[in-house]
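Here is a friendly briefing to read alongside the model. Please keep the viewer open as you go through the points.

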Amino acid sequence: MPRERGELWVSSYAQWALAFTRLVTGRAEEALQSAREGLRIKRHFHDTLGTLLALETCARIFVMRDELTLAAKLLGALHQNWRSAGLPQMGAPFLTDDHNVCVRDCVRRMGELAYKNAFEDGARLDLDEASELALEGEPDASD
């Protein structure tokens, strides 16, 4: 039986929450699977806010997985694309703190110049391109 549209939309947020929980418990691979599943659904609905939240989580996961250039590119794209949704990280302190930790970890581990270059590359990406980047390597990336 096909899923109702509302059920899919809610499922995308459940996947994001699951990814976030898996990330903070050190289960990066499982977190990435959940984040990507949520991101695929969010793209289907053109859910700008939800996509930005999923991409924030993906950036943190990529830092945990030592995929620092990818994380820095996503952080650049997020910096640019949050403007279309309003206040970055919705102004929520816990999201802003997580974002800032992600940036600090990237800069510290990559070096300022490498981070700046990757960040600037990412800042040229629109939301769809940033989503494609986060889904890269996934069999369902074209969905």
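A134 touches R36, L39, L55, C58, F62 and L74, leaving out residues up to four places away in sequence; contact here means heavy atoms within 4.5 Å. A134 is also one of the residues that touch the most other members of the largest nonpolar core, along with L55, I61, F62, L74, L75 and C106. This is a predicted model, in which local features need pLDDT of at least 70 and side-chain atom pairs count only at pLDDT 80 or more, while totals for chains, interfaces and linings use all residues. Residues are numbered from 1 along each chain as its sequence is written, and side-chain values use heavy atoms, with hydrogens and water left out.

**The nonpolar core**

- The largest nonpolar core has 37 residues; such a core is a set of buried Ala, Val, Leu, Ile, Met, Phe, Trp, Tyr and Cys residues joined through side-chain atoms within 4.5 Å.
- Two or more core residues come from each of α1 (5-24), α2 (28-45), α3 (48-64), α4 (68-81), α5 (93-110), α6 (112-123) and α7 (127-135).
- Helix α3 gives the largest share of this core, with nine residues.
- In soluble globular proteins, nonpolar side chains tend to be buried together.

**The chain as a whole**

- The protein chain has seven helices and zero strands, where helices (H or I, at least four residues) and strands (E, at least two) are DSSP runs numbered from the N terminus.
- Read from the N terminus, the order of elements is α-α-α-α-α-α-α.
- Of the 143 residues in the protein chain, 43% count as buried; buried means under 20% relative accessible area, exposed over 50%, and partly exposed in between, with a 1.4 Å probe and protein chains only.
- Among contacts in the protein chain with a separation of 6 or more, 73% join residues 24 or more positions apart.

- Helix α4 is largely enclosed by the rest of the structure, because 10 of its 14 residues are buried.
- The buried residues of α4 are L68, L70, A71, A72, L74, L75, G76, A77, L78 and N81.
- L78 belongs to helix α4 and counts as buried, at 2% relative accessibility.
- Beyond its neighbours within four places in sequence, L78 is in contact with L52, L55 and E56.
- L78 and L127 lie 49 residues apart in sequence, with their C-alpha atoms 8.1 Å apart in space.
- A123, in helix α6, is in contact with G76, A77 and Q80 when neighbours within four places in sequence are left aside.
- The C-alpha atoms of A123 and K73 are 7.2 Å apart, although 50 residues separate the two along the chain.

- Helix α2 is mostly covered, with 13 of its 18 residues buried.
- The end C-alpha atoms of α2 are 26 Å apart, which agrees with the 26 Å that its 18 residues should span at 1.5 Å a residue.
- H46 sits in the loop between α2 and α3, has a positive phi of about 55° although it is not a glycine, and counts as exposed at 66% relative accessibility.
- D66, in the loop between α3 and α4, also has a positive phi, near 65°, and is exposed, with a relative accessible area of 54%.
- Most residues other than glycine have a negative phi.

**Aromatic rings**

- The whole structure contains three aromatic pairs, counted when ring centres of Phe, Tyr and Trp (its six-membered ring) lie within 6.5 Å; planes under 30 degrees apart are stacked, over 60 edge-to-face and the rest tilted.
- W16 and F20 form a tilted pair, because their ring centres are 6.3 Å apart and their planes are at 40°.
- Both W16 and F20 lie in helix α1, four residues apart, about one turn of the helix.
- W16 counts as buried, at 16% relative accessibility.
- K42 lies over the face of Y13, at 3.2 Å from the ring centre; this requires NZ of Lys or CZ of Arg within 6 Å of the ring centre and within 35 degrees of the ring normal.

Terms used
The expected span of a helix is 1.5 Å times one less than its number of residues.
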